Amino acid sequence: MVLKLETTQIKDWKGYKGRPFLISGPCSAETEEQVMETARQLAKINQVSLFRAGIWKPRTRPNSFEGIGIPALKWLRNVKQETGLLVGTEVANEKHVYEALKYGIDMLWIGARTSVNPFTVQEIADALNGVDVMVLVKNPINPDIELWIGAIERVARAGIKRIGAIHRGFSSYEKTSYRNQPNWQLPIELRRRIPNLPIFCDPSHIAGAREYLHEISQKALDLNFDGLMLESHINPDKALSDAAQQVTPDELNELLCRLILRNPSTDDPRLLDVLGELRQQIDVFDDHLLDLIERRMQVAEKIGEYKKANSITILQSARWDEIVRRVMIKGRSKGLSEEIIDTIFKAIHQESINHQMRIMNNGVDVKPENI
Ligand code: PEP
Ligand code: MN
């Protein structure tokens, strides 16, 4: 189902200088001097449109730096006056919205820890009713696209037209090199569901470390994201929050220079011909994949019948372990990433279990999580 929201196209947004719409600034506003100096240096980078700084910081543990609060709103106003950059900050309740609007803040974003909560998002949306301000909604920390869309809808219903989403990755129990899992299929699905919604990527919070910022930014551009939000600080190592993922404005400039901007589409008939032919090949392979999965499920069902007749449990972890090892080795030798092998085979295994459950329970669909 495709959702049509009344949005203003990003190229008509105040401050738009071309793709990507670039937002940068420190994770947190710490001192007036740090804010002003970072902003001055960022203003020299042509591509930067909007200066960000968190002033109310949702921190995981108490006793961390929780932001300067209202006094920093003046600093943001000064940034705007002195540099001409637009300014934005995070809001996490209605009071934040009212305070930020008093100081003429151009963009408000709803953070990942807030977009998980429909009550709070609604409270913020109500405070925004009838206001013409730019609002960006970060994905909730859990990979739940409906929750993300729900938060966007609430804001859109308040009449906000310059509305966008920010993809900042998802929390995961598993330890990986990135701080948050990108799960790129979620923003891709978001684009399919709300085609006219501008989508930004926040490589800083996905990466958690500055060394990955470039590769994530490039990937976002190749997926045709509309904008990027990258954290920067005049002295990143001394930052009071998110030190490892911030870069200096000079480093940001250098990163931007290395990004390659490709065309989102083409109308060259020769290119379209070649692409059309290749896409037909892809469709054929997708059909093969579906046929194969269907046949694999038929075998799984036979196994289910056998296990039922002999009263054996569905999950045989030694066998599952053996499958994972085997496909990992084989998949790697075919140049496939561990991530894709893991995702595909976990999904296939889950589907086999579901089919076997149905057999065991006389055709009744039993959800494994209810057992
Ligand atoms: C931030 O942008 O500094 C922030 C707190 O982000 P998130 O809500 O993505 O964690
Ligand atoms: Mn941060």
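**Entry 1: the manganese ion**

I started with the spacing of the donors of the manganese ion (ligand 2), which runs C-x177-H-x25-E-x10-D along the chain. I note here that this is a predicted model.

Next I asked which protein atoms are the donors of the manganese ion (ligand 2). I found C27 through SG, H205 through NE2, E231 through OE and D242 through OD. They lie 2.1 to 2.4 Å from the ion.

I then looked up where C27 and E231 sit. C27 is in the loop between β1 (21–25) and α1 (32–43). E231 belongs to strand β8 (residues 227–231).

Are C27 and E231 buried or exposed? I found both of them buried.

**Entry 2: W184**

I moved on to W184. I located W184 in the loop between β6 (163–167) and α6 (185–193). Its relative accessibility is 12%. Buried means under 20%, so W184 counts as buried.

I also checked W184 against H167. They are 17 residues apart in sequence. From C-alpha to C-alpha, I noted 8.8 Å in space.

**Entry 3: a charged patch**

Which residues form the negative surface patch? I listed D283, D286, D287, D291 and E294.

D287 lies in helix α10, which covers residues 269–309. Its relative accessible area is 47%. Exposed would need over 50%, and buried under 20%, so I put D287 down as partly exposed.

Note on methods
Residues numbered from 1 in each chain as written. Chains lettered and ligands numbered in written order. Predicted model: local features only at pLDDT ≥ 70, side-chain atom pairs only at ≥ 80, totals over all residues. Heavy atoms only, no water. Patch = residues over 30% accessible without salt bridge, like charges linked within 9 Å, V, L, I, M, F, W, Y side chains within 5 Å. Areas by Shrake-Rupley, 256 points an atom, 1.4 Å probe, with all protein chains shown as cover. Salt bridge = Lys/Arg side-chain N within 4 Å of Asp/Glu carboxyl O. Lys, Arg positive; Asp, Glu negative; His and termini not counted. Charge placed at Lys NZ, Arg CZ, Asp CG, Glu CD. Helix = DSSP H or I, 4+ residues; strand = E, 2+ residues; numbered from the N terminus. Buried < 20%, exposed > 50% of the residue type's maximum accessible area, 1.4 Å probe, protein only. Donors = N, O, S within 2.8 Å, 3.2 Å for Na, K, Ca; no water.
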